[in-house]
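Here is a short report for a reader new to this structure. Look at the sequence and the model first, then read on.

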Amino acid sequence: MPADARLYAYSAVLMGSPILLKLAEHDEKLAGDVFRLIRQQENLFTVNRAGSQLMAMNAAAGSHPVAVSAPVFALIKRAREVSLLAGSCFNFAIGPLVKRWKIGFQGDSVPPAHELQALLALTDPARVQLDEQQQTVFLPQPGMEIDLGAIAKGYIADVVRDFLHQRGCFCGLINLGGNLQTLDAPAGETAWAIGVQLPFGEPGALIGSVAVSNKSVVTSGVYERYFELNGRLYHHILNPQTGYPLDNELLGVTVISDRSLDGDIFTTLLYGLGVEQSLVFLKDYPQIEAIFVTREQQVVLATQQPFRLLDERWRVIDSTV
């Protein structure tokens, strides 16, 4: 990124992650307002907080519909649409499986196959009933749970971007623990240099960087949350068809888009497709660009944004050429 001497950095821990805000001008009040906004949004979309709308909705599974606020309903509606795409590895009803695996949290373990099969029966996104008129959500079977963890950060990053624009701030960057939303680059710079992390490397170790401005950069990788057992790695990106972690040639996917919400959606969709199918899939979505990091130490570029390789052990393949 541009030299920190040109920027003012503000940080907080929210949504279980360190949050970083960089501004071109010193403005503690604006930074405080941004963090308060994130906290308000977190309270709307978290699934693990007493009194949250999602917790109330999940607690009422098999009993009755629950009325939710317009933003929550809209995000659930979008998550349901994406979950119902043919072959989608995005599933907002995957909550029971996420809770059982506990990957990245204390008590993680490999569930018995029969247990996974029973939980899979609770994760059909088509069964989630939405009432547009009443703004209600109903989970018809006890034990069903909605989890917006794969999409909420992107939505919140977009909310923060719009808030900064409303406050007259057009130069800066917000990092919501993996969801980066950039505004204009600082004076003298044409873009922000956003790092692509080295899988399983030391903190700050990078394969390369991509130059963007007024774009969202969202990365999802198997190295973010995982545990190992008997020589096998179990990561947090679950296959909603099998209940087990996805297993393909990918270590990570970075999506570059105008909206961070789209970044969240497409990292999961593309991860499930793998490189070859993703490159075909992306032809129908010219507004979405991606960088794929594979187990064969390849960096496959499906982006027009400038990429700079920083680790010569990796090989760049430009699919756009």
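Which residues form one aromatic cluster? Trp101, Phe227, Tyr234 and Tyr244 do. The model is predicted: local features need pLDDT of at least 70, side-chain atom pairs count only at pLDDT 80 or more, and totals for chains, interfaces and linings use all residues. Residues are numbered from 1 along each chain as its sequence is written, and side-chain values use heavy atoms, with hydrogens and water left out.

**Aromatic pairs**

A search of the whole structure finds nine aromatic pairs. Rings of Phe, Tyr and Trp (its six-membered ring) pair if their centres lie within 6.5 Å; planes under 30 degrees apart count as stacked, over 60 as edge-to-face and the rest as tilted. Two of the pairs share Phe281.

| Pair | Centre distance | Plane angle | Class |
|---|---|---|---|
| Phe266 and Phe281 | 6.1 Å | 40° | tilted |
| Phe281 and Tyr285 | 5.0 Å | 40° | tilted |

Burial is judged by relative accessible area: buried is under 20%, exposed over 50%, partly exposed in between (1.4 Å probe, protein chains only). Phe266 is at 4%, so this residue counts as buried. Phe281, at 23%, counts as partly exposed. Tyr285 is also partly exposed, with a value of 26%.

**The sheet**

Helices (H or I, at least four residues) and strands (E, at least two) are DSSP runs, numbered from the N terminus. Two strands pair if DSSP finds at least two bridges between them. Three strands make an open antiparallel sheet, ordered 3-5-4. Strand 3 (66-67) and strand 4 (129-131) are at the edges. Each has a single partner strand, so one side of each lacks a neighbour in the sheet. Strand 4 pairs with strand 5 (residues 136-138) over three bridges, in the antiparallel sense. Within this pairing, Gln129 stands opposite Phe138 in strand 5.

Helix 3 (residues 70-83) packs on the sheet and touches strand 4 and strand 5. Contact means heavy atoms within 4.5 Å. The direction of helix 3 makes about 135° with that of strand 4. Axes are lines fitted to C-alpha atoms, for helices over the stretch in contact, and angles run from 0 to 180 degrees between N-to-C directions.

**A helix pair**

Helix 1 (residues 28-45) packs against helix 6 (residues 152-166). The angle is about 145° and the axes are 10 Å apart. Among the contact residues are Leu30, Val34 and Leu37 of helix 1, and Tyr155, Ile156 and Phe163 of helix 6.
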